Amino acid sequence: MPRRVKIAAAQLGPIQRADSRESVVARLQALLEEAAAGGSTLVVFPELALTTFFPRWLYQSQDEVDAWFEEEMPGAATRPLFDAAKRLGVGFHLGYAELVREGNQVRRFNTAILVGRDGKLVGKYRKIHLPGTAEPVPGAPYQHLEKRYFDVGDLGFPVWKAFGGVTGMCICNDRRWPETFRVMALKGAELVVLGYNTPDSNIHHPEPVHLRMFHHMLSLQANAYQNGMWIVAAAKAGREDGFGLIGGTCIVAPTGEIAAQALTEGDEVVAYDCDLALGEYIRRTVFDFARHRRIEHYGIITSQTGVKVQTQN
Ligand code: CDT
């Protein structure tokens, strides 16, 4: 039996450093309304969707850093989005920088939330695979300081019954790691939604430009197929603060095929009527985990991070 749910990936064009939260939320709301008018019941927004990709800069003070974070969700600036979701009966996924105060301790996460069609929180995910460095890379045209500004996510990879199926979340660099999707697939995920900010160059190693998009699509398509799940990925795209971000917002089917893809590097809604039951045959046949996985040979995956050469000779 098909289980159809129309899902929109809402790509954002660049957000400049001077843009206010209010102006960005107005853009998100316009995308939400467009997606709802087209019949979508879930709208996926990018990673850190309320601000410029601020980890590209080194700041002089902690106050400057904390200005990019939200202590409340919804807060004054974001409440209109939650109100619009409730009014339109459409849920959303939103990435933002989260600041948590616990006694004397402050923790900061790269976070995403899933909000239901009633405008209420369904679940939260905090990014686990933080890329980049804690210290600036000398001579680089811009930085990628996620390891400096964020704590590693502490919520694991949860999934929720939501939007007609079992739904999970991850954020940007998480999509490059097969463990991300396999853990959620083992919990029954049929749909994973994510946002990303992927620079169009690699500051750590010179790379042909086309590889940035290729590796993005390769990761999504391989993981969708190998886990028999839908993946909906929303980009922040275009030239932001003078530096390029790849677009490539897309919806990938459990077959690994691209069901829908953005055409621009600006604000754009990409939608598809996803049959959440489509992956069932893949998980019943070639990727029937219960019959075919051989966990007795996988232990090293969770007991070891880096490579230790262990040859047989
Ligand atoms: N935001 C984010 O996670 N971006 C990374 C860039 C990796 S290069 C340091 C990505 O995987 O797209």
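**View 1. The ligand sits in the second largest pocket of this predicted model.** A pocket is an open set of points on a 1 Å grid over the protein atoms alone, with protein on both sides within 12 Å along at least five of seven lines; a molecule sits in it if more than half of its atoms lie within 2 Å of its grid points. The model is predicted, so local features need pLDDT of at least 70 and side-chain atom pairs pLDDT 80 or more, whereas totals for chains, interfaces and linings use all residues. Residues are numbered from 1 along each chain as its sequence is written, and side-chain values use heavy atoms, without hydrogens and water.

View 2. At Asn 197, a backbone N or O atom lies 3.2 Å from a nitrogen of the ligand. The protein covers 92% of the 360 Å² of accessible area (Shrake-Rupley, 1.4 Å probe) that the ligand has on its own.

**View 3. Glu 47 and Lys 127 form a salt bridge, N to O 2.7 Å.** The criterion is a Lys or Arg side-chain nitrogen within 4 Å of an Asp or Glu carboxyl oxygen. Glu 47 lies in the loop between β2 (42-44) and α2 (62-66) and Lys 127 in the loop between β5 (121-126) and α4 (146-149), so the pair ties together parts 80 residues apart in sequence. Helices (at least four residues) and strands (at least two) are DSSP runs.

**View 4. A cis peptide bond, omega about 0°, joins Met 73 and Pro 74.** Pro 74 is placed in the loop between α2 and α3 (79-88).

Definitions and conventions
A polar contact is a pair of N or O atoms within 3.5 Å; within protein, one must be able to donate a hydrogen and the other to accept it, and residues adjacent in sequence count only if both atoms are side-chain atoms. On a 1 Å grid over the protein atoms alone, a cavity is a set of points where a 1.4 Å probe fits but cannot get out, and a pocket is an open set with protein on both sides within 12 Å along at least five of seven lines; lining residues have an atom within 4 Å of a point.
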